[in-house]
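Please look over the sequence and the model below before reading on.

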Amino acid sequence: MEASSPNAEFIRTWNEILVPKFVRFRHVLVDGFRGHSDAALAKHAPRAGERALDVACGFGDTSIDLARAVGPTGSVLGIDCCDAFLEFGRRDARAQGLDNLRFAVSDAQTESFHESFELCFARFGTMFFQSPLAAMRNLRQSLVPGGRLMMLVWRTLEDNDWLKFSKEVARKYLPPPPDTGQTCGPGPFSMADRETVTAILEGAGFSEIAFERIDAPVMVGKSPQEAVEFQLLLGPAGEIVREAGALGEQRRAEISAELAALLEKFQTERGIVMGSSSWNVTARRAS
């Protein structure tokens, strides 16, 4: 990937800061997010023989789901800007004998795709595009005429208890992060607003745009202690503590204690389970 890419800074942040954290909590992220992608793919199942592009595929579990759905006569390309994520997908695909699936390090906003796809899929990745209109235009070009887009994006923070409560606790002790803080792009809720997303997709050349709400439980840790660690490494609470610097470290113990007491209320046999909500956004490449 070119170092001169307009997204180089954000890609570097992902690789240097977020990849180790995501790998540590892979079991939480993959299992937790699966409820959303399973619901979306069950309703809008890929067809046998289709060529599918999985954007920001992360650990590759959705790419594997797509590869099974399109079968041996179809193919899937999973792309992500973090090769460390893709190594998990490559390993799992080899173990399952999926010859119709390959992975590549790629920036979806700038990549020149050398093949056309019937389906472009993305689970919780498009919200981090630095220039979403440019990225969606590029993804539109990857589709054949009439090709389908399906992307899962988080609804508002208020609709996602699994992140909302931890942010509320952190803000009781610390100021909000500065605008100059190190980030991985616009953020997980940048595509929560239907009008905004519709305008982006229409501007990128998509039509038949529709939004379907998906509510699914998310396991954020096997125990309150693991759930606290997860919340303070990833998401809004973790950003607040990190950007507060020395003050954040001074208040970490207090924040952790209050979070543990709060999260313990959500203990189930599966672990700490909380509510989450997404939009499944579907559209077609306008001819």
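The buried residues of helix 8 are covered by parts of the chain that include helix 2 (26-43), helix 6 (161-173), strand 6, helix 9 (235-243), helix 10 (246-263) and strand 7 (272-285). Helices (H or I, at least four residues) and strands (E, at least two) are DSSP runs, numbered from the N terminus. Buried means under 20% relative accessible area, exposed over 50%, and partly exposed in between (1.4 Å probe, protein chains only). Helix 8 covers residues 224-233, and seven of its 10 residues are buried, so this helix is largely enclosed by the rest of the structure. Its buried residues are Pro224, Glu226, Ala227, Val228, Phe230, Gln231 and Leu232. Just after helix 8 comes Gly235, with a positive phi of about 85 degrees.

Some notes on the model belong here. It is a predicted model, in which local features need pLDDT of at least 70 and side-chain atom pairs count only at pLDDT 80 or more, while totals for chains, interfaces and linings use all residues. Residues are numbered from 1 along each chain as its sequence is written, and side-chain values use heavy atoms, with hydrogens and water left out.

Now take the chain as a whole. The chain holds 10 helices and seven strands. Its radius of gyration is 19 Å, close to the 19 Å that the globule rule gives for 287 residues, so the chain is as compact as a globular protein of that length. The radius is taken over C-alpha atoms, and the globule rule is 2.2 Å times the number of residues to the power 0.38. The C-alpha trace spans about 55 × 40 × 35 Å along its principal axes.

How much of the chain is buried? Buried residues make up 55% of the 287 residues. Contact means heavy atoms within 4.5 Å. Of the contacts in the chain with a separation of 6 or more, 85% are between residues 24 or more positions apart. The accessible surface of the chain comes to about 12600 Å², and 51% of that belongs to carbon and sulfur atoms. Such areas come from the Shrake-Rupley method with a 1.4 Å probe; for residues, only the protein chains shown count as cover.

In helix 5, Ala135, Met136, Asn138, Leu139 and Arg140 are buried. These buried residues pack against strand 1 (51-55), strand 4, strand 5, helix 7 (194-204), strand 6 and strand 7. Phe124 is buried, with a relative accessible area of 8%. Phe124 has a positive phi of about 55 degrees although it is not a glycine. Most residues other than glycine have a negative phi.

Strand 6 supplies another case of this kind. Glu208 lies in strand 6 and has a positive phi of about 55 degrees, although it is not a glycine. Is Glu208 buried or exposed? At 58% relative accessibility, Glu208 counts as exposed.

Glu212 also lies in strand 6, which runs over residues 206-221. Which side chains make polar contacts with Glu212? A polar contact is a pair of N or O atoms within 3.5 Å; within protein, one must be able to donate a hydrogen and the other to accept it, and residues adjacent in sequence count only if both atoms are side-chain atoms. The side chain of Glu212 has a polar contact of 3.4 Å with that of Lys43 and one of 2.9 Å with that of His44. Leaving aside neighbours within four places in sequence, Glu212 is in contact with Lys43, His44, Ser278, Trp279 and Asn280.

Strand 5 (residues 143-154) contains Arg148, which is buried, with a relative accessible area of 11%. Not counting residues up to four places away in sequence, Arg148 touches residues including Ala45, Glu50, Glu118, Cys120 and Ala283.

Two further residues show how sequence and space relate. Lys172 lies in helix 6 and counts as exposed at 56% relative accessibility. Lys172 and Ile255 are 83 residues apart in sequence, and their C-alpha atoms are 8.5 Å apart. Ala67 lies in helix 3 (residues 61-70) and counts as buried at 1% relative accessibility. The C-alpha atoms of Ala67 and Glu239, 172 residues apart along the chain, are separated by 35 Å.
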